[in-house]
Amino acid sequence: MPFEQHYLAGLDLRGRRVLVVGGGTVAQRRLPRLIASGAAVELVSPSVTPAVQGMVDAGELTWHQRRFQPGDVEGAWYVVACTSNVSVNTQIGEEASSLRVFCVRADIAVEGTAVTPAVGTHDGLVLGVLAGGEHRRSASVRDGLVAALRDGRIADQAAAPVGVALVGGGPGDAELITVKGKRLLAHADVVVADRLAPRELLEELPAHVEVVDAAKIPYGRAATQEFINQTLIDRAKEGKFVVRLKGGDPYVFGRGFEELLACAEAGIPVTVVPGVTSAFGVPALAGVPVTHRGVAHEVVVVSGHVAPDDPRSLVDWPSIARLQGTVVLMMAVERAGAFASALMEGRPGSTPVAVIQEGSTASQRVFRSTLDSLGADVKRWEVRPPAIIVVGPVADIASANS
């Protein structure tokens with residue numbers, strides 16, 4: 001086993017010239033972190049990958065479209081040699097050494113005067129792991145450390161979060177919560193949870209965490225919004241860190257912004273963590289893409305909590321009906337027939353429809369219908385909330401291409 005003898009240090013490259021030679025896939029991997037460090041990156045290469053071209057077009061680096069020339073290293077603080085030509089990389093390394101500039105050799109790491117560690121990040125921390133050139137080992141250790149920090153197996157003495165976090169838990173599968181959402185949940189003193197928030201996440205909470213039921217059962221018992229807002233404010237004022245755990249995304253028909261406004265008015269700081277919205281995530285998991293090249297050029301998400309003819313409705317149903325793309329209906333099970341009738345004012349009754357109940361969970365059910373049969377089919381199948389209804393050609397694209 002090789003002995004790791006490199007001295008691991010953090011370089012402040014802000015505003016300092018960094019030379020990268022070679023514009024292929026290795027450069028494509030190395031450039032983003034150099035750019036993020038604030039370095040003044042100059043790239044020398046006859047050609048670049050499309051992704052690197054995008055960085056150039058965005059003004060993130062300067063590209064000299066030519067081969068490496070003697071003198072290119074002059075004035076650089078750091079050099080990365082990642083061409084596909086060993087002799088050119090050797091030339092770059094020799095020039096860098098003569099000028100006392102550290103140089104990374106992407107082809108033969110031991111020939112360089114610096115090496116790039118396996119790097120990971122967590123809540124403001126930057127972790128670097130070196131393993132004597134055993135790249136898989138360093139990467140696996142890096143991944144393990146980051147995972148352990150994120151799920152609390154390694155203690156992080158950073159200041160505990162304060163106030164309220166509005167966390168989108170995703171469509172139901174506990175693994176679809178974001179990394180940041182999972183991390184904040186691990187710090188919670190109080191969790192105010194929706195009925196549609198991933199239930200398995202609550203089971204993982206320590207015993208001292210207070211769980212407040214904020215369920216809103218369709219057509220049944222429901223916690224009032226005033227109760228939820230006041231709970232968030234009261235617990236936060238007690239000095240507790242409160243996670244408002246919601247299904248899907250807090251801002252997609254989730255009344256998350258109302259809760260933010262209430263907290264802000266009370267002087268409570270709020271962190272917003274977006275989630276995977278069920279409007280897009282659930283169809284995807286059921287094999288229904290909400291857009292597809294040559295099939296749908298638009299997707300519209302519509303709330304179905306009021307009927308099309310209800311005076312409270314803010315939806316321009318005639319305009320929605322005339323669209324040719326995808327319509328995703330949420331909270332629409334009870335009035336599915338009415339919505340179908342409104343859409344048939346501009347779409348044929350044969351328009352494909354997919355209905356996904358309890359998407360992403362073990363109880364997921366998927367049904368196929370058409371607009372003219374949707375109302376009857378939903379009753380016949382005994383579909384119950386939560387369910388997503390997808391209307392448009394994409395709803396049948398899988399069977400059409402099978």
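Helices (H or I, at least four residues) and strands (E, at least two) are here DSSP runs, numbered from the N terminus. The structure is a predicted model, in which local features need pLDDT of at least 70 and side-chain atom pairs count only at pLDDT 80 or more, while totals for chains, interfaces and linings use all residues. Residues are numbered from 1 along each chain as its sequence is written, and side-chain values use heavy atoms, with hydrogens and water left out.

**The annotated positions**

An unreviewed UniProt entry places the feature "active site" at Asp194 and Lys216; such positions are given in the numbering used here, feature names are shortened, and annotations may be inferred rather than shown by experiment. Asp194 lies in the loop between strand E9 (190-193) and helix H6 (199-203). Not counting residues up to four places away in sequence, Asp194 touches Ala214, Arg244, Leu245, Lys246 and Gly247, where contact means heavy atoms within 4.5 Å.

**Arg105**

Arg105 lies in strand E5 (residues 102-105) and is buried, with a relative accessible area of 5%; buried means under 20% relative accessible area, exposed over 50%, and partly exposed in between, for a 1.4 Å probe and protein chains only. The side chains of Arg105 and Asp107 are joined by a polar contact of 2.8 Å, that is, a pair of N or O atoms within 3.5 Å, of which, within protein, one must be able to donate a hydrogen and the other to accept it, with residues adjacent in sequence counting only if both atoms are side-chain atoms. Leaving aside neighbours within four places in sequence, Arg105 is in contact with Ala81, Val86, Asn89, Thr90, Glu111, Gly112 and Ala114.

**Strand pairing**

Strands of a sheet pair through backbone hydrogen bonds, either parallel or antiparallel, and two strands are taken to pair if DSSP finds at least two bridges between them.

| Strand | Partner | Direction | Bridges |
|---|---|---|---|
| E6 (residues 118-122) | E7 (residues 125-129) | antiparallel | 5 bridges |
| E15 (residues 352-357) | E17 (residues 387-391) | antiparallel | 5 bridges |

Ala118 stands opposite Val129 in E7, and in the hairpin of E6 and E7, with 2 residues between the strands, Asp123 takes a positive phi near 45°.

An open sheet of 5 strands, with mixed pairing, has the order E13-E14-E17-E15-E16. Its edge strands, each pairing on one side only, are E13 (299-303) and E16 (365-370). Within this sheet, Ala354 stands opposite Val390 in E17. Helix H9 (residues 278-285) packs on the sheet, touching E13, strand E14 (326-330), E15 and E17, and its direction makes about 80° with that of E17; axes are lines fitted to C-alpha atoms, for helices over the stretch in contact, and angles run from 0 to 180 degrees between N-to-C directions.
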